[in-house]
Amino acid sequence: MKDVNLKVISNKQIAKNTYESVLEGDVSHITAPGQFVNIKLEGKFLRRPISICAVEDNRLTLIYKVVGAGTEQMAEAAAGTVWQTLTGLGNGYDLTKSGDKPLLIGGGAGVPPMFELCKRLVKEGKAPVVILGFNTKDEVFYENEFKALGADVVVCTADGSYGTQGFVTTPMETVDYTYFYTCGPEPMLKAVFKASKTSGQLSFEERMGCGFGACMGCSCKTITGYKRICKEGPVMEKEEILWEK
Amino acid sequence: MNTKVKLCGIEMSNPIIPASGTFGFGYEFAELYDINILGTFSFKGTTKDKRFGNPTPRIAECERGMINSVGLQNPGVEDVIKNELPKLKTCFSKPVMANVSGFSVDEYVYTCEKLDKESQIGWFEVNVSCPNVHGGGMSFGTSPEAAAEVTAAVKKVTTKPVIVKLSPNVTDIVSIAKACEAAGADGISLINTLLGMRIDLKSRKPVVANKMGGFSGPAIKPVALRMVYQVYDAVKIPIVGGGGISTAEDVIEMMLAGATAVEVGAANLVDPFACKNIIEDLPRVMEKYRIENLTDIIGGAH
């Protein structure tokens, strides 16, 4: 973990309510896909935790949905704006378990962490299959970017306005895979958990206080004990998950 | 310039104390900087039994602050002694403040009696003010009789100084502080969080699952200052003042109100280096306000 100043290089809307910010600075403490950063915004007390979409040298790409005043402020930030950012938070995905043909399932705002993961798996010579789920056509993003990495990509929308009609679990039925990685809203995670035929890793979300393990705000119960989503998570192994809600 | 203070007979190199619940058991912050620069810190509120706390979400943002409804998540006193204190020993060589909570007088007594044998512990901070648990915590801190009962019972089984942490969610903080002093308390710590809430406009429901939670952050500083000021006038024992502290100037202000040592809470969650920055900035601010010895200004506003 390191607290650094990151400069906004570009900031653009890429889908409905969805923005891509490219930041520049010391991102050397980011060690794994699935980790997140926590951004201090002018006038906001708590930082905003955002998952990592891509990291390369001294550049960091974040994709986020505007859901409230904080993300709205982020979306409006002009190039040159500096964000004080805690980097390298959370455990991230473990790539060593992927097997040759891992399945990556991203839903909505859970798509971004799949991108850096896919990039690294391809680099390791794996053949990832990617399923991207959205509510509707206007919300679809990064289909071509995933394809450009060399992955097999299936896009589905809940209303059928683009790609395959239905939820991510529909294409899951017909794909062969060695392991799965997923991130998305909790109902989707639960459905993927149930539909999955192999072991895998799921990334969870929770309202956080600090983002680095101090406040216990984001704790959850697992089979192996209490865990902090921000510190021992956000990525959990399928075998340790306890569904409570 | 001298930043030393003495709290209940124990000297501290400076008055800065990360508040309980914002600093864990210290060792995670020790990965970021040498935590021996702190005056001390108050470790995560410990109870007799292991607790998960309240359901999530249990954090909400506010203007100039935040709400938490964690509800005393901790591994229980046995585990604290067996696992947390040995881990802390590897990175912190000063006496630590043991924050203790309970759901009955017997539980406070049980936990304090166990911890009293631990040489790493310098002080007890007996929390009678957690707003996030029912049938315990704050209910002991909202009546002078109950606060005095806990204080007297804990004093009987401990050899270390006992500082009682009070709730601001009361009509007369002075009477409670005086009752604790009369029951043998060695110090008073205030304030814990203010009971508050936020409501989400989209769902039209409270943001935190427990509906209400403890409000902390810079917004509560004036309330904390006022209560420290009032209690300083009424008791002879030292006061640990806290509530919204995030700068060295805030520390000076709190000491002028009457605090001997100063707790920093919510600020740690926004900036993990908050206490380090405050400690490093203290000499500059002391010079600016022509303060030679920090102890000289305790209660200086009276």
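What volume does the second largest cavity have? It comes to about 40 Å³. Good morning. Please keep in mind that the structure before us is a predicted model.

Let me begin with empty space in general. Rolling a probe the size of a water molecule over the atoms shows where such space is left. When the whole structure is searched, two cavities of 30 Å³ or more are found.

The largest cavity holds about 560 Å³ of space. Its lining consists of 40 residues, and those closest to the centre are B:S20, B:T22, B:N68, B:N192 and B:T193. Several elements of chain B contribute at least two residues each to this lining: strands β5 (65-68), β9 (187-190), β14 (239-242) and β15 (261-264), together with helix α8 (267-270). Among the elements, β14(B) gives the most, namely three residues. Sorted by class, the lining of the largest cavity comprises 17 nonpolar, 20 polar and three charged residues.

The second largest cavity, as I said, has a volume of about 40 Å³. It is lined by A:T18, A:K65, A:G108, A:A109, A:F134, A:E139 and A:F141. Here the classes are three nonpolar, two polar and two charged residues.

Of its 21 lining residues, A:M216, A:Y226, B:Q73, B:P75 and B:E84 are the closest to its centre. Two or more residues of the lining come from each of β14 (225-228) of chain A, and α1 (27-30) and α2 (77-89) of chain B. The largest share, four residues, is supplied by β14(A). The lining of this pocket divides into five nonpolar, six polar and 10 charged residues.

Finally, I would like to consider how two helices pack. Such a pair is described by the angle between the axes and the distance between them. In chain B, helix α5 (residues 173-182) packs against helix α6 (residues 221-234) at an angle of about 45°, and the axes lie 9 Å apart. The two helices, α5(B) and α6(B), are therefore oblique to each other. The crossing of α5(B) past α6(B) is right-handed. On the side of α5(B), the contact is made by B:I173, B:V174, B:A177, B:K178 and B:E181, while α6(B) provides B:M227, B:Q230, B:V231 and B:A234. Of the residues in this contact, six are nonpolar, one is polar and two are charged.

Thank you for your attention.

Definitions and conventions:
Residues are numbered from 1 along each chain as its sequence is written. Chains are lettered from A and ligands numbered from 1 in the order in which they are written. This is a predicted model: local features need pLDDT of at least 70, side-chain atom pairs count only at pLDDT 80 or more; totals for chains, interfaces and linings use all residues. Side-chain values use heavy atoms; hydrogens and water are left out. Axes are lines fitted to C-alpha atoms, for helices over the stretch in contact, and angles run from 0 to 180 degrees between N-to-C directions. Angles under 35 degrees count as roughly parallel, over 145 as roughly antiparallel, 65 to 115 as roughly perpendicular and the rest as oblique. A crossing is left-handed if the near helix is turned anticlockwise from the far one by less than a right angle, and right-handed if clockwise. Contact means heavy atoms within 4.5 Å. Ala, Val, Leu, Ile, Met, Phe, Trp, Tyr, Cys and Pro count as nonpolar, Asp, Glu, Lys and Arg as charged, and the others, Gly among them, as polar. On a 1 Å grid over the protein atoms alone, a cavity is a set of points where a 1.4 Å probe fits but cannot get out, and a pocket is an open set with protein on both sides within 12 Å along at least five of seven lines; lining residues have an atom within 4 Å of a point. Grid points are joined across faces, edges and corners, and a volume is the space filled by probe spheres set on the points.
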